[in-house]
Amino acid sequence: MKSLFIVGNWKSNKTIQETRQWLSEAHAESSQFKDHLSDMTVIICGAATVLGTLKQSMAEFQLPFSVGAQNVSMFDDGAYTGEVSARMLSEVVQWVIVGHSERRVHQQEADDQLSKKAQKAKEAGLRVIYCVPDAITMVPDAVDVIAYEPTWAIGTGKADTPENANEVCAQIKSRHNVPVLYGGSVTDENVASFVGKTHIDGVLAGGVSLDFAKFLRLLRAAAL
Ligand code: PGA
């Protein structure tokens, strides 16, 4: 069986209290999934305010999940009000999402800025999950994972077909020798049809990752 990546993207959701609740549910259920995730890298990407809580509790509860951020500054430490540098993030996370389409749209993040972000993340030792909406969008060198997420499929309940997603992931892979994920309205019901495809190495899941019971169903369905 191929090794899979399951990335939960919480987006701008969850207070510290809500994060603790999710983690305590994961802790309570952990005997049910711990042994089944040996071929999976599961990464939970929270908002900046909950990353410390995620890191601490993952260790305390010995959960087999890594922690990721959803954004990183394109600058080093310094006079950049509101930014969180890669060096600062590297204290709490191993991974960072760069180039999510919501940031491309709402923060007008463009390819050159996203390349700088990926570069800063790599310099700080972070691993980068780089999101693209199609097979032709530029991907900087040295990213670790690429996620194909068609904009129209994100949060709409209308996922791409596994066949088309597989084809786009194959095109991306022909140019970049890294795992490629599919994202956009992934659920516990459709995840197996995506990860069963040759060129899809996992999924990036938004909505379904917010509720631990649903996320656990997704992990189980992906592992089968
Ligand atoms: P969704 O989000 O699973 O809620 O469609 C996916 C994403 O934006 O990463």
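Analyst: A polar contact is a pair of N or O atoms within 3.5 Å. Keep in mind that this is a predicted model. Here, a polar backbone atom of glycine 206 lies 2.8 Å from an oxygen atom of the ligand.

User: How much of the ligand does the protein bury?

Analyst: Taken alone, the ligand exposes 280 Å², and the protein buries 95% of that.

User: How many residues surround the ligand, and which are the closest?

Analyst: There are 13 residues around the ligand, and Lys11, His100, Glu149, Gly155 and Gly206 are the closest. Sorted by class, this shell holds four nonpolar, seven polar and two charged residues.

User: How do I read the pockets?

Analyst: Rolling a probe the size of a water molecule over the atoms shows where empty space is left. In this model, the ligand sits in the second largest pocket.

User: How much space lies in the second largest pocket, and which residues are closest to its centre?

Analyst: The second largest pocket holds about 190 Å³ of space. It is lined by 17 residues, of which Gly155, Ser185, Val186, Gly206 and Gly207 are the closest to its centre. The lining divides into five nonpolar, 10 polar and two charged residues.

User: And what volume does the largest pocket have?

Analyst: The volume of the largest pocket is about 440 Å³. Its lining counts 22 residues, with Ala47, Ala48, Gln70, Asn71 and Arg103 the closest to the centre. By class, eight are nonpolar, 10 polar and four charged.

User: Where does the largest share of that lining come from?

Analyst: Look at helix α4, residues 101-106: this helix gives the largest share of the lining of the largest pocket, three residues.

Terms used
Residues numbered from 1 in each chain as written. Predicted model: local features only at pLDDT ≥ 70, side-chain atom pairs only at ≥ 80, totals over all residues. Heavy atoms only, no water. Near = heavy atom within 4 Å. Polar contact = N/O pair within 3.5 Å; in protein donor to acceptor, adjacent residues only side chain to side chain. Areas by Shrake-Rupley, 256 points an atom, 1.4 Å probe, with all protein chains shown as cover. 1 Å grid on protein atoms, 1.4 Å probe; cavity = no way out; pocket = protein on both sides within 12 Å on 5 of 7 lines; lining within 4 Å. Sits in = over half its atoms within 2 Å of the grid points. Nonpolar A, V, L, I, M, F, W, Y, C, P; charged D, E, K, R; others polar. Points joined across faces, edges and corners; volume = space filled by probe spheres on them. Helix = DSSP H or I, 4+ residues; strand = E, 2+ residues; numbered from the N terminus.
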